[in-house]
Amino acid sequence: MRIIEAKNYEDMSKKAAEIIAAQILLKPDAVLGLATGSTPVGTYQNLIKKYEAGELDFSQVSSVNLDEYKGLSGDHDQSYRYFMNENLFNHVNIDKSRTSVPNGLEEDAAKACADYDAVIAAAGGVDLQLLGIGGNGHIGFNEPAEEFKVGTHCVKLTESTIEANARFFASIDDVPKYAYTMGIGNIMAAKTVLLVASGKNKAQAVYDSFFGPVTPHVQASILQLHKDAIVIADEDALSLAREKGVY
Ligand code: PGA
């Protein structure tokens, strides 16, 4: 795996956008795996700038997102479909019919997950998967566990995640309790994986994931075994690895 150090969040975002832009340049009909969360927002802003400058064409690009809350429709402002529309899709010339997010409104979890795996397969697999990383090393909603899950699956959100999300909803009862997420097998099948990490609050996760043993207790650690994984981490996110003398 390659670790690229960025000076700060802005620099990380620029570098990540350059790599995604290069992917689209090399393969105009690339299948991008996309991520939500605060970290990729700057990357999307840089991609939008490139599109606006006439440097990037999304007209043939397809995308599959990592995850979605179960029970939320795409027009709910906390859904990941809504996030993608607001932060990227509404601002570039991507054909929205070629953008996929797990169907949060499908009640039957087994069906929702099988359908999503079929969507990924029908797209021909993912060329480049963008990822953030959780403070506990999670990728997508793949939380610390005894095992790595292969395909798309339904996850019960932890109490702390539900409590953290409550501020975005009218009441805690409205917060989704489950989410659909790609599995580690889906992520590992991407030809290239690009993980972005910024800030001191990610330093422990970066150290554990990329400088420690491969273990399902730190799900991102599996990326050490991927043949084309790129991590772009800023100085703060790499600070613990540097302190420990491993980077
Ligand atoms: P963040 O989330 O980008 O909002 O820090 C990352 C994640 O939890 O995957």
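In this predicted model, His-138 sits in the loop that runs between strand β6 (128–131) and strand β7 (153–156). With a relative accessibility of 21%, His-138 counts as partly exposed, because the buried class takes in only values under 20%. Apart from its neighbours within four places in sequence, His-138 is in contact with Gly-132, Ile-133 and Glu-143.

| Residue | Distance to a ligand oxygen atom |
|---|---|
| Ser-38 | 2.8 Å |
| Thr-39 | 2.4 Å |
| His-138 | 2.6 Å |

The ligand, taken alone, exposes 280 Å², and the protein buries 73% of that area.

The unreviewed UniProt entry carries an "active site" annotation that covers His-138 together with Asp-67, Asn-136 and Glu-143. From this set, Asp-67, Asn-136, His-138 and Glu-143 are found in the lining of the largest pocket.

Asp-67 lies in strand β4, which spans residues 67–69. Asp-67 has a relative accessible area of 4% and is therefore buried. When its neighbours within four places in sequence are left aside, the residues in contact with Asp-67 are Thr-36, Tyr-80, Val-101, Pro-102, Gly-140, Phe-141, Tyr-180 and Thr-181. Of the annotated residues described here, then, Asp-67 is buried, whereas His-138 is partly exposed.

Methods
Residues are numbered from 1 along each chain as its sequence is written. This is a predicted model: local features need pLDDT of at least 70, side-chain atom pairs count only at pLDDT 80 or more; totals for chains, interfaces and linings use all residues. Side-chain values use heavy atoms; hydrogens and water are left out. UniProt positions are given in the numbering used here, feature names are shortened, and annotations may be inferred rather than shown by experiment. On a 1 Å grid over the protein atoms alone, a cavity is a set of points where a 1.4 Å probe fits but cannot get out, and a pocket is an open set with protein on both sides within 12 Å along at least five of seven lines; lining residues have an atom within 4 Å of a point. Helices (H or I, at least four residues) and strands (E, at least two) are DSSP runs, numbered from the N terminus. Buried means under 20% relative accessible area, exposed over 50%, partly exposed in between (1.4 Å probe, protein chains only). Contact means heavy atoms within 4.5 Å. A polar contact is a pair of N or O atoms within 3.5 Å; within protein, one must be able to donate a hydrogen and the other to accept it, and residues adjacent in sequence count only if both atoms are side-chain atoms. Accessible areas come from the Shrake-Rupley method with a 1.4 Å probe; for residues, only the protein chains shown count as cover.
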